[in-house]
Amino acid sequence: MSRIIAGAAGGSPLTAVPGSLTRPTTDRVKEALFSRLDAFNVIAGARVLDLYAGSGSLGVESGSRGAQTVDLVESDGKASAVCQRNADLVNGVLGRKAVTVHRSKVEPFLDRAPETAEWDLVFMDPPYPLEEVALNAALQKLAPHLSAAAVVVVERSSRSPEPQWPDALARFAEKKYGETRLWYAEPNVPDAIDEGDVPAAAEDAER
């Protein structure tokens, strides 16, 4: 059973989506991912967006760890209902509505987002069968809604090609965990991120 690893709701079990509709991030990969994000110092106070949310485990983990707001975007009815249960769990522990569930496909959600909508941390864990062209289109629509120091994490099969990043995004790291590969990207804005800011500093530390 998957659980929230750390933070205010740490140790709480998460509701899973029944059947094989979704491919949840394993606890091993999730622990490695959030360890890295903690090193980047991008979770506390962040505006988080969890696209193709499935059970919402990545988004609610962020909420438990101190994100300011979390938006879970999931189009399937059963999965979005599970997202809501997991959101209610974290919101109840926090005593406020930090996590909001949106039943929507990803591209229409981004199309409807106000021009002023901006996120600091974005998770994209699409179903493996999703065609690369659809993922690339979502990345294009996402790019204008990222803060200057945002981090985007894309989770794909280790056999999938690297996403085709739009000009506004640049990959700064990637890591393989068995059948899973995580890609990390940031806004490609020259001089927009100070030298000491987290993603670049964390990458330098790994060299």
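Strand E4, residues 119–124, is mostly covered, with 6 of its 6 residues buried. The model is predicted, and the protein chain has an average pLDDT of 91. E4 pairs in parallel with strand E1 and also runs parallel to strand E5. The whole structure holds 5 aromatic pairs, and one of them includes Trp119 of E4.

**Confidence**

- A pLDDT of at least 70 is reached by 90% of the residues.
- Over residues 192–196 the pLDDT falls below 50, and this stretch has 5 contacts in the model beyond near neighbours in sequence.
- Residues 200–207 also stay under 50 in pLDDT, and the model has 5 contacts for them beyond four places in sequence.

**Strand pairing around E4**

- Strand E1 (residues 47–51) is joined to E4 by 4 bridges.
- Within that pairing, Leu49 has Val122 of E4 as its bridge partner.
- Strand E5 (residues 146–157) is joined to E4 by 5 bridges.
- Met124 stands opposite Val154 in E5.
- Helix H5 (residues 132–142) forms a right-handed β-α-β unit together with E4 and E5.

**Phe109 and Trp119**

- The ring centres of Phe109 and Trp119 are 6.1 Å apart and the planes are at 40°, so this pair counts as tilted.
- Phe109 belongs to helix H4 (residues 106–112) and Trp119 to strand E4, so the pair ties together parts 10 residues apart in sequence.
- Phe109 has a relative accessible area of 9% and is buried.
- Trp119 has a relative accessibility of 6%, and it is likewise buried.

**Phe172, Tyr184 and their surroundings**

- The rings of Phe172 and Tyr184 have centres 6.1 Å apart and planes at 50°, so they too make a tilted pair.
- Phe172 lies in strand E6 (residues 169–177) and Tyr184 in strand E7 (residues 180–187), so the pair ties together parts that are 12 residues apart in sequence.
- Both Phe172 and Tyr184 are buried.
- Phe40 joins Phe172 and Tyr184 in a cluster linked by ring pairs.
- Arg36 places its charged end over the ring of Tyr184, at 4.6 Å from the ring centre.

Key:
Residues are numbered from 1 along each chain as its sequence is written. This is a predicted model: local features need pLDDT of at least 70, side-chain atom pairs count only at pLDDT 80 or more; totals for chains, interfaces and linings use all residues. Side-chain values use heavy atoms; hydrogens and water are left out. pLDDT is the predictor's confidence in each residue, from 0 to 100. Contact means heavy atoms within 4.5 Å. Buried means under 20% relative accessible area, exposed over 50%, partly exposed in between (1.4 Å probe, protein chains only). Helices (H or I, at least four residues) and strands (E, at least two) are DSSP runs, numbered from the N terminus. Two strands pair if DSSP finds at least two bridges between them. A crossover is right-handed if, with the strands pointing away from the viewer, the path from the first strand over the helix to the second runs clockwise. Rings of Phe, Tyr and Trp (its six-membered ring) pair if their centres lie within 6.5 Å; planes under 30 degrees apart count as stacked, over 60 as edge-to-face and the rest as tilted. A charge sits over a ring if NZ of Lys or CZ of Arg is within 6 Å of the ring centre and within 35 degrees of the ring normal.
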